[in-house]
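Reader: I am new to this structure. Please show me how to read it, one feature at a time.

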Amino acid sequence: LVDEEFDALEGFFYVLEHGILQLLENVETYLHHLQGFLACKTEEFDFDMDGEKAPICYKEITTALRQWILPTFEKRMRTLIHKPLCALRDLLVGPRNLIRKRLDKLLDYEVIEAKSNLSYEEQAVANTYRTINTLLLNELPQFNGLALQMIWSMLGTFSCLHKDLASDMEQLFQSFAQQLPHSSLSPGAFWEWAESVVLQGARSLETLCRSVEDTLNAPVVQPLSPSSQRRLKQLTDKHGSGKIYQVIGTVVGSRDLDLSLARGELVAIISEADSRGDKRRWLVDAGGKRGYAPSSKLIRYHQPAEDPPPSPHLTLPDGVTGLRRHSYTPESRPLTVVSQPCFQVMAAYDFTARGNHEVTVRAGEPVRVLEPHDKRGNPEWSLVEVRGGQRGYVPSNYLTIMPMGMGPPPAGFLQSF
């Protein structure tokens, strides 16, 4: 049966219901963010700025905001907006259930409507449908109208609350305006000053972040324990040396089939993607147990084909006194070199860089050692410069010292200790 009047009322009710629930969700999110802001009580921290007027003014302003203005605003929001919205949401249950019950009865009513003679039970079904339909046609318009009126009223109240909040904040700031720095600047000059300060702070922060990143990117080597050496042999025999990777950070499994791995552990790569094709999760063999690990926590493990020579920074040929040129020594200052054997640092093995902080060298290539350790002071890695000016880290035990004969060393490739 087609009932255009009821269909219009029902459609408008569902529009109102959706709007009420959406508005309530937005108000609750707004209050949640407001509580998060109030929880950051910056005015309670002491920044050792006693005697400076500006920090004192800012502290007074934030104290008033968090202890008086914003808590009052939040209380009014909950009383005038959130509480009525919750009550209106609860009132939606009655009409919604009645509309659903009418639909159920309508299906039965359509079957018996065409009959001329109705039984007692069929007559009761028809009367129930007519009663529910009449009730909804009479009272649903009133509910829709009152609900719409409440929504408009709450939106108007929401606007008034923000107007009062802005007025209170303006009054608060005006009482401190003359004591704050740059209060005498014109609006244009003030924003120009503010922009320059922000940009300068951003540049300083970027420089600091880059410095921290460079420090964290310095390679770290953990010597293999006997158990790790046995695992390395086991994985190499089974998967080959090209599949061996090392864990560079602790991995905590959070999903099914994920592995929990400690920093420095060795694993063999079985597949560079999971079953869904996600290349951020690799299937690995951790020496018996298999599972997934994040690819960002794995780097290829390099090992020399044979025992490399000892680090050139630990042993120096007998009878040779090394020269050291500090970073503050002028380049133009002549170096006096006595007639003695000269030595050159060269790469004893091929090494392929695995990141921006490392550099690729080939066996027999001369290098210049800038620092015989990494940024953490670990002598297992050396910062070197290769031909072309490229700099980066290589394993110290991949380097060796080769004699060059008598006389002065070639420019740029003398290892100085």
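**A tutorial on the chain**

Author: Start with Arg-102, which lies in helix α3 (residues 93-112). Helices (H or I, at least four residues) and strands (E, at least two) are DSSP runs, numbered from the N terminus. This is a predicted model: local features need pLDDT of at least 70, side-chain atom pairs count only at pLDDT 80 or more, and totals for chains, interfaces and linings use all residues. Residues are numbered from 1 along each chain as its sequence is written, and side-chain values use heavy atoms, leaving out hydrogens and water.

Reader: Is Arg-102 buried or exposed?

Author: Buried means under 20% relative accessible area, exposed over 50%, partly exposed in between (1.4 Å probe, protein chains only). Arg-102 counts as buried because its relative accessibility is 6%.

Reader: Which residues does Arg-102 touch?

Author: Contact means heavy atoms within 4.5 Å. Leaving aside residues up to four places away in sequence, Arg-102 touches Asp-3, Phe-6, Tyr-129, Ile-132, Asn-133 and Leu-136.

Reader: What about the chain as a whole?

Author: The chain has six helices and 10 strands. Of its 417 residues, 30% count as buried. Take contacts between residues at least 6 apart in sequence: 64% of them join residues at least 24 apart.

Reader: How do I read a sheet?

Author: Strands of a sheet pair through backbone hydrogen bonds, either parallel or antiparallel. Here, two strands pair if DSSP finds at least two bridges between them.

Reader: Where do the side chains of a strand point?

Author: In a regular strand the side chains alternate between the two faces of the sheet. Look at strand β1 (residues 244-247), where both faces are covered. Ile-244 and Gln-246 are buried on one side, Tyr-245 and Val-247 on the other.

Reader: How many bridges join β1 to β2?

Author: Three bridges join β1 to strand β2 (residues 266-271). Gln-246 stands opposite Leu-266 there. Three bridges also join β1 to strand β5 (residues 298-300). In that pair, Val-247 faces Leu-298.

Reader: What is the order of the sheet of three strands?

Author: That open sheet runs β7-β8-β9, with antiparallel pairing. Its edge strands, β7 (368-371) and β9 (391-395), each pair on one side only. Five bridges join strand β8 (residues 381-385) to β9. Val-384 stands opposite Gly-392 in β9.

Reader: Which residues form the nonpolar patch on the surface?

Author: Patches are made of residues with over 30% relative accessible area and no salt bridge: like charges are joined within 9 Å, nonpolar side chains (Val, Leu, Ile, Met, Phe, Trp, Tyr) within 5 Å. A salt bridge is a side-chain nitrogen of Lys or Arg within 4 Å of a carboxyl oxygen of Asp or Glu. Phe-12, Leu-148, Trp-152 and Leu-155 form this patch, with about 400 Å² of accessible area together. Accessible areas come from the Shrake-Rupley method with a 1.4 Å probe; for residues, only the protein chains shown count as cover. Helix α4 (residues 120-176) gives the largest share, three residues. Leu-148 lies in that helix, α4. Leu-148 is partly exposed because its relative accessible area is 32%.
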